[in-house]
Amino acid sequence: MTRVPPTERLTPAQARRAVLRASGLHRRRPERPTPAGTRALQQVVDRLGLLQIDSVNVLARAHLMPVYARVGPWDVTALDRATSRPPRRLVETWAHEASFVPPATFRDLAFKHAANRARVERRGDALHGVPIADAPEVARVRAVIDERGPLTAREVQAVLGGDGRRAQAWGWAWTDAKRALEHLFLVGELTSAGRNAQFERRYDRPDRVLPPDVLAAPPVDEPTARRRLVEQAARAHGVASVRCLADHWRTALAPTHAVVAELVDDGTLVPVEVAGWRGPLYRHRDATVPRRAEGRTLLSPFDPLVWERTRTESLFGLRYRIEIYTPAHARVWGYYVLPFLLGDRLVALVDLKADRRDGVLRVHAAHRAPGPAGDVAAGAPADGEVAHELAAELWSVVRWLGLDDVRTGPDAAGDLVAPLAGALRPTAP
């Protein structure tokens, strides 16, 4: 008979501190004389398991921000080296959306690649009326990569000839070559050998990209792979629901429930209760509660700490959504809004844009964020303190991005704009 362990009880503040420690966000970043490099990048990936890729470059590309949040200004060419030069430390595949993952994780995701293929078949995805897996265009693209890869979608289309008939996908007009390449990427037949200066993926076969030791390892069976991935997600989360753990890799809930039960049985996961957070919840056995959380950083909308929006609301009292695709008149916080973490709270929401032509970090909006219930009486920081700390953080971003100044414009929105504008001058380097 399986022994059911007793359920621990954590206060909301304890849960937040445990989550922040697990995510590497509970302490102030060290001051560095030079930008962090490959070692720091590797430490962040080892902790989180992956970096979600997004091409939006309003401030900095989304996959660069989780590293900045944890280590501060860093040399982003370290990512190019990790993904473009053998033996590669990171490769691209479909994980939590398109992501950079360690090469061994690519192998662990084989069952997900197979599930993606089955889902494409169920949906009936087609290219010019032919099921996409059987489309002649896909076969031709596969042959081009076999013979000439790594290549970008534009280069593949040039080999095929013409500019390709356009196909709508996710709101973009994709050529036939791009549509075929993305299908092969989705199902794990292709990965990337790196990105070019225009951030275009250079598609190639996994056997030409993965390191030899990973290729030589025996195949991973699905139960083992699922267990590895769920434990990695649990370690990165500290405290999480099954939905959080499944969302980390965008895998199905039912098999995740089964793996969680196994991990509870062997003591890897410990059941917990947190007031105000619907369960069941689990703490990874290595997740501990620090006495204080003293971090300060901006978070990308694609940071694992705030991926699962229900979790963000339960932990931090913040209903947070990215509003890029929301009409301007309907936005609550702004266009490209980043939560600002201070201590164990998300205390502000800032709409930022890196104006590279003028060398200015522009603040389009700065709002005080609503906090967890009851936190006002528990010592939530005042607006002046938030503004002072946010100003220092914005200057850190300016230095990292190689800009010259940070400014709040006359049309900037939000109740934190005035105190922030006052705090920016005294904190200027």
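The legends below describe close-up views of a predicted model.

Figure 1. Helix α15 covers residues 383-401, 19 residues in total. From the first C-alpha to the last, α15 reaches 26 Å, close to the 27 Å expected at 1.5 Å a residue. Its buried residues are Val386, Ala387, Glu389, Leu390, Ala391, Glu393, Leu394, Trp395, Ser396, Val397, Val398 and Trp400. Residues three or four places apart in an α-helix point the same way, because there are 3.6 residues a turn. Gly402 follows α15 and has a positive phi, near 70°.

**Figure 2. The second largest pocket.** This pocket has a volume of about 350 Å³. It is lined by 16 residues, and those nearest its centre are Pro30, Glu31, Pro73, Ser396 and Arg399. Helix α15 gives the largest share of the lining, four residues. Ser396, one of the residues nearest the pocket centre, is also listed among the buried residues of α15. By class, the lining of the second largest pocket holds six nonpolar, three polar and seven charged residues.

**Figure 3. The largest cavity.** The model has three cavities of 30 Å³ or more. The volume of the largest cavity is about 60 Å³. Phe111, Arg226, Leu229, Val230, Leu245, Ala246, Trp249, Thr251 and Thr256 form its lining. The elements that give two or more residues to this lining are α11 (222-237) and α12 (242-249). Six of the lining residues are nonpolar, two are polar and one is charged.

**Figure 4. The second largest cavity.** About 50 Å³ of space lies in the second largest cavity. Its lining consists of Val19, Ser23, Leu48, Ala236, His237, Pro304, Leu305 and Arg311. The lining of the second largest cavity divides into five nonpolar, two polar and one charged residues.

**Figure 5. Strand β13 and its two partners.** Strand β13 (residues 277-284) runs antiparallel to strand β11 (residues 239-241), and three bridges join them. In this pair, Val239 stands opposite Arg283 of β13. Strand β12 (residues 269-274) is also antiparallel to β13, with five bridges between the two. Here Val274 stands opposite Trp277 in β13. The hairpin of β12 and β13 has two residues between the strands, and its Gly276 takes a positive phi near 85°. Strand β13 also contains Pro280, which is joined to Gly279 by a cis peptide bond with omega about 0°.

Figure 6. The peptide bond from Gly149 to Pro150 is cis, and its omega is near 5°. Pro150 sits in the loop between α7 (136-148) and α8 (153-160).

**Figure 7. Two residues other than glycine with positive phi.** Most residues other than glycine have a negative phi. Phe199 has a positive phi near 65° and lies in the loop between β9 (191-195) and β10 (201-204). Phe199 counts as buried because its relative accessibility, 15%, is under 20%. Arg250 is not a glycine either, and its phi is positive at about 55°. The loop that holds Arg250 is the one between α12 and α13 (253-265). At 37% relative accessibility, Arg250 counts as partly exposed.

Terms used. Residues numbered from 1 in each chain as written. Predicted model: local features only at pLDDT ≥ 70, side-chain atom pairs only at ≥ 80, totals over all residues. Heavy atoms only, no water. Expected span 1.5 Å × (residues − 1). Buried < 20%, exposed > 50% of the residue type's maximum accessible area, 1.4 Å probe, protein only. 1 Å grid on protein atoms, 1.4 Å probe; cavity = no way out; pocket = protein on both sides within 12 Å on 5 of 7 lines; lining within 4 Å. Points joined across faces, edges and corners; volume = space filled by probe spheres on them. Nonpolar A, V, L, I, M, F, W, Y, C, P; charged D, E, K, R; others polar. Pairing = 2+ DSSP bridges.
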